[in-house]
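Subject: Model handover

Hello,

Here is the structure for your files. My notes on what was found in it follow below.

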Amino acid sequence: TAVVARVSEERRATRVVAADELETQEASTPGALQPSNESAWKWEESDDALRTYSALAVVLALGTLPGLRDYGAADLPYFISLALLTIYIGAHRGLTTAQRQMISIKEGALAPLAASVSLSLCYVLVKFFPDFSLQGFLNAYFWLLGSVAAVGASGPVLRRLSGPLGQPTLGINVPEGLLLDESTGAPVTRAEFAPSDIVALAGSLALASAEVASNHTNFTLNNAVACLVASDILQLVGLRSFRTAGLMLAGLLAYDVFWVFGSPKVLGDNVMLAVATSDILTGPVRLIFPRVPGGAGEASGFGFSLLGLGDIAVPGLLACLALRYDASRAVDMGGRARAAAGALLGSLSAADPGSSSTKVATDAADAAELAYDKFADRELRQRDRSLADEGVSALPSALSGPQTAGGSRGTKSAAGSAPPLPPEARLPVSDAVLQQRPYFDTVAAAYVVGLLTAFGANAVTHMGQPALLYIVPATLGAVVARGLSRDELYRVWQYTDVPTYGMPAELLKKADEHDKEQAKKM
């Protein structure tokens, strides 16, 4: 017993030493245990991004086939494919976007009102000022918007495909204060870029210019720009929580239903349809596909079938949130393995030459085990930080999942509130999420079901349909059903999104100090 106790004490002391060495290594070689923001995985630089953008190009190209356009139902798979690819691109690009505008509950509640005011102003312009044209301004606006979106999409892909020409070997000096580093906020005085970026910029400007020159009537160019713009919006704007998502999507459903079905009774005109099919306000704000001549319905005189970008972007925000929730729950086995390998190599390189092989092996194994556990613990703490502690109404016990002695699902204390967690630098999102995204896949499938239902209702009634009437219940219901099936609806309800990267410098310092204290206690 004494021997066992002495060996245990020695191993404990070794772990403390290993912890100190690990902290020293992490401080001296940033990124040894976790990738830095610069070297971290980014979806737009991955093979998955290349495949997705290739699929987008193929769908756009297939839409130009004359035989396909003559087929009456061709618009349905065309719209669904473009919408899904747009949501997929925006959601995955948003995973590693440093700066995102988060929509709070208050802003989500005001969204239907803001959309109604905007739609009303557009309708007044279309109805009462048909000779008043803002098209010159709109063309310039959409040209700039399309150019920026296309550069953001094509730049990383071309860098990946260009080999040495994709390396940032060029640069220009810029005035201080004009550009800021996304992760640190420090001013950038020299902008570096790759030769492939010049090609991306030229191609993007050509695409936006050709779309504007066509007066937004070339449906392939229009849809290409519209998809890129919508995916860019989904990348940069996100919902704060599923509570916000439920409130905003329900409000926008009511908005959509009123302005499609209610406005003819109240105002004597379908306001939504009048604005959507107007020739006064045109631009890549909708997906269009040539309509087969001789069709029936409210908009039979309009030459295109159409799907508004709002019917993509609104449920797309929910899909983005679902993917970020999936990312917060994903287990990065590769990251754990890299942390353990780095600690193992660090321990071996720092080993005393006079030590026995047994001691060197034991110390290295302990260091690797400690690094693995530390990475796993940080993942767990990061998950807990994404759960809201304030302003969350309790759900019925039937929906809250199994209770533990520490509270609901182990996230609450006996007093009903979780102890505050110390600040800590976040682990970057990894490619593990590509194999662990149950909620995103569920929302995407539900979106297809809702959109199919909307098109089916349109075919039966020959009337314009508020697509959100079918999409919102399908997607929100899918999230609830998935949460119940996984016994984690309460955790989903609590989830609160946070920025992907970064913390203020003072919080990072406190996080490092806390990590060192925790390591010494092991």
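His462 is found in the loop between helix H14 (438–461) and helix H15 (468–485); helices here are DSSP runs (H or I, at least four residues), numbered from the N terminus. The phi of His462 is positive, near 55 degrees, in a residue other than glycine. Most residues other than glycine have a negative phi. His216 also is not a glycine and has a positive phi, of about 65 degrees. The place of His216 is in the loop between helix H7 (195–213) and H8, and with a relative accessible area of 4% this residue is buried.

On provenance: this is a predicted model, in which local features need pLDDT of at least 70 and side-chain atom pairs count only at pLDDT 80 or more, while totals for chains, interfaces and linings use all residues. Residues are numbered from 1 along each chain as its sequence is written, and side-chain values use heavy atoms, with hydrogens and water left out.

Confidence. The average pLDDT of the protein (the predictor's confidence in each residue, from 0 to 100) is 79, and 76% of the residues score at least 70. Where pLDDT is low, the predicted coordinates should not be read in detail.

Salt bridges. How many salt bridges does a search of the whole structure find? The search finds 9, a salt bridge being a side-chain nitrogen of Lys or Arg within 4 Å of a carboxyl oxygen of Asp or Glu. Details for some of them:

- Arg160 and Asp47 form a salt bridge with the closest N and O atoms 1.8 Å apart. The pair links distant parts of the chain, with Arg160 in helix H6 (residues 135–161) and Asp47 in helix H2, 113 residues apart. Arg160 is partly exposed at 39%, and Asp47 is partly exposed at 39%.
- Arg93 and Asp232 form a salt bridge at 3.5 Å between the closest N and O atoms. Arg93 lies in helix H4 (residues 75–94) and Asp232 in helix H8 (residues 219–236), 139 residues apart. Arg93 is buried, at 5%, and Asp232 is buried, at 13%.
- Lys127 and Asp269 meet through their side chains in a salt bridge (3.7 Å, N to O). Lys127 is in helix H5 (residues 105–128), and Asp269 is in the loop between helix H9 (242–267) and helix H10 (271–276), 142 residues apart. Lys127 is partly exposed at 45%, as is Asp269 at 22%.
- Arg100, Arg324 and Asp497 are linked in a network of salt bridges.

Cysteines. The structure holds 0 disulfides (pairs of cysteine sulfur atoms within 2.5 Å). Cys122 is partly exposed, with a relative accessible area of 24%, whereas Cys227 is buried at 3%.

Lastly, Thr52 is found in helix H2 (residues 47–62). Thr52 counts as buried, at 7% relative accessibility. Leaving aside neighbours within four places in sequence, Thr52 is in contact with Trp43, Leu85, Tyr88 and Ile89.

Regards

How values were computed. Helices (H or I, at least four residues) and strands (E, at least two) are DSSP runs, numbered from the N terminus. Buried means under 20% relative accessible area, exposed over 50%, partly exposed in between (1.4 Å probe, protein chains only). Contact means heavy atoms within 4.5 Å.
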